[in-house]
Amino acid sequence: MRKYIFKRIMYMILTLFIIATATFFLMKLMPGSPYANQAKMTADQRAIMDAQYGLNKPVYQQYFIYLIGILHGDFGTSFQFNNQPVSFLISSRIGPSMQIGAQAIILGTVLGILLGAIAAIRKNTWVDTLATFFAILGRSIPNFVFAVLLQFYLAFKLKIFPIALWDEGFRSSILPTIALSMAPLATTARFMRTEMVDVLNSDYIELARAKGNTPWQTVAKHALRNSLIPVITIIGPMAVDLMVGSMVVENIFSIPGIGDQFVKSITTNDYPTIMGLTLLYSFMLVVVILIVDILYGFIDPRIRLSGNEGSN
Amino acid sequence: MEKILEVKDLQIDFDTFAGSVKAIRNVDFHLNKGETLAIVGESGSGKSVTVRSIMGLLANNAQVTSGSIDFKGRDILKLSNREIEKIRGNDISMIFQDPMTSLDPTMPIGKQVAEPLLIHGSMSKKKAMARAEEVLELVGITNAKNRMKDYPHQFSGGQRQRIVIAIAIVNYPEILIADEPTTALDVTIQAQIIDLMKELQNKIETSIIFITHDLGVVAGIADRVAVMYAGKIIEYGSVDEIFYNPQHPYTWGLLNSMPTLDTDSDRLYAIPGTPPNLLNPPKGDAFAPRNPYAMAIDYEAMPPFFKISDTHYAATWLLHPDAPKTEPPVAIKKRQAEFQRLVAEGKINQPEYEEEGGVKDDAE
């Protein structure tokens, strides 16, 4: 197992290197420059600015300088956000994004798994239809619509939760968490239902019933775990997606998160911030995929074994 | 001979989009204590549905429209879900067809074998695991002690079927239902599993209902045989009576399509045609359209059971006193001659079962 994880980490580093390279050159291919008032600048002014930020060097040189910087833990300085170092920029804002993202993914997947399982057990009844209906709603309505509705009814009308801002700790995070959890909830529920219907039709479930298990015992002891195996694979990428923030929802609730920064950095050609955030996003994705694969082994004994054999 | 299970006039329909499929049509049979009853018939004849109704494991769209299944003075069909769950895996248990898919892939086998004990008994977990290990040893899993924590994929098909059998017998059930337990196995493993089941039957004193379409397997294990066709039992008797003195043309067809050592033809016989659609079951004998011996009345009226011996009954108009004398196929005639010889020499144990109430009378 240790050998397997070591090998996987080596691959992760390679993956991140390739992503960094690809992003760097793609970014350089984008038209425009980081300067907002470019039209008014003279050629001299521009040359001075370029020299200051190292943008006058050939692209490949900039690339190597950037790589060396990364190896020293230096992700550069943002062009846009008050010349703060990118690492500080990200670390000071990633907290709220990760918190609501993690909360949303936990809420969404747990409820989604339950909803999907119930729909599968009560297949083709009104319960199933209702669950499907909600899943389609959750999937097709954008999260900012939920955000606004929640804000209006629960915060503005009923005054149960704060309307916005990030100043009441956990209470501030509840509404954005619910808004963000709808999409993963719906996706997980649909996925879980399909898997569970399959599993419930399998021979070992019939054998479990033949042992004298009640229908609920059968689900708890045999069906749930087996249905979860494929569902876990989709949870990983969904989690990363949410944890790096959702710009619109963060804006609606005035959360000082990272989602909104990512979009701004792209529209303004803020190269170091784009690179920093892309690398962060990729890093989280590969880590989550590794975690999912390890989790997979814990849940599915067949994979645990083949994983070991693969590493030997 | 004590009856442990008695099925009377069982009728099961399946609701489908096309209409109501009459899958089981007035089936009667009983199981004597300690015996092995084989139910044979081709796919779709209703064997599995019949035994699943005994387990209370029918599909959701199945409806029992009439009949009773008497087990220890109680009608299984009238029990609540809770009550039948107490019987399942405890008094009556089942061995499934495909060992490759019958075990939970994510649970260690020791736990799977111990599960029925934990569901039904007040046994501690430790005791249940010890018993599971014992039973695994009994069904021939070598080194069971060290394999309790292994998962199904670490066993071969034959071993997995042994584990499935261990699950079925761990509570020493009174009735063991085996639904084609050897179909998915290769022939050498089949023989081992049959031997194992015979051995276990003696050890744990259980009665077995054995479902199969393989007559070769039947000969090896059964005491009595019931032949099913299109949702009905059409002939039943002791294993010798069915093999050597068959009366129903369908049983003749089945026996003829099984190669024997003295089959001299290069071609294997196959019964022509296909079974009837049970959405609209035929009025008369369902086998009539495929039966070269069919008479006019076969299309008009369902034949009642005619008695051949105390234990042997067949539902075919050929046995009616007014029916014209027919000559069965040559191979069957050979079998019947053999039967006469064996009876004369006293080599066939003329079955000692008595005729009992569950048996239909000659004429209706």
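In this predicted model, chain B contains an open sheet of eight strands, which lie side by side in the order S6-S7-S8-S3-S9-S10-S12-S11, with mixed pairing. Strands of a sheet pair through backbone hydrogen bonds, and the pairing may be parallel or antiparallel.

Chain A is built in another way, for it has 13 helices and zero strands. The C-alpha trace of chain A spans about 85 × 60 × 30 Å along its principal axes.

How many residues does each chain bring to the contact between them? Chain B gives 26 residues and chain A gives 22 residues. Between the two chains an area of about 2100 Å² is buried, and carbon and sulfur atoms give 56% of it. On the side of chain B, the residues that lose the most area to chain A are B:Pro105, B:Thr106 and B:Glu115, which together account for 24% of what that side buries.

One of these residues, B:Glu115, also forms a salt bridge with A:Lys221, in which the closest N and O atoms are 3.1 Å apart. The count of salt bridges between chain B and chain A is four, while the count of residue pairs in polar contact, with both residues at pLDDT 80 or more, is 14.

Which elements of chain B give two or more residues to the side that touches chain A? They are helix H1 (47-55), helix H2 (81-87) and helix H3 (109-120) of chain B, and H3(B) supplies the largest share, five residues. Sorted by class, the side of chain B that touches chain A is made up of eleven nonpolar, eight polar and seven charged residues.

How values were computed
Residues numbered from 1 in each chain as written. Chains lettered and ligands numbered in written order. Predicted model: local features only at pLDDT ≥ 70, side-chain atom pairs only at ≥ 80, totals over all residues. Heavy atoms only, no water. Contact = heavy atoms within 4.5 Å. Buried area = accessible area lost by both parts, 1.4 Å probe. Salt bridge = Lys/Arg side-chain N within 4 Å of Asp/Glu carboxyl O. Polar contact = N/O pair within 3.5 Å; in protein donor to acceptor, adjacent residues only side chain to side chain. Helix = DSSP H or I, 4+ residues; strand = E, 2+ residues; numbered from the N terminus. Nonpolar A, V, L, I, M, F, W, Y, C, P; charged D, E, K, R; others polar. Pairing = 2+ DSSP bridges.
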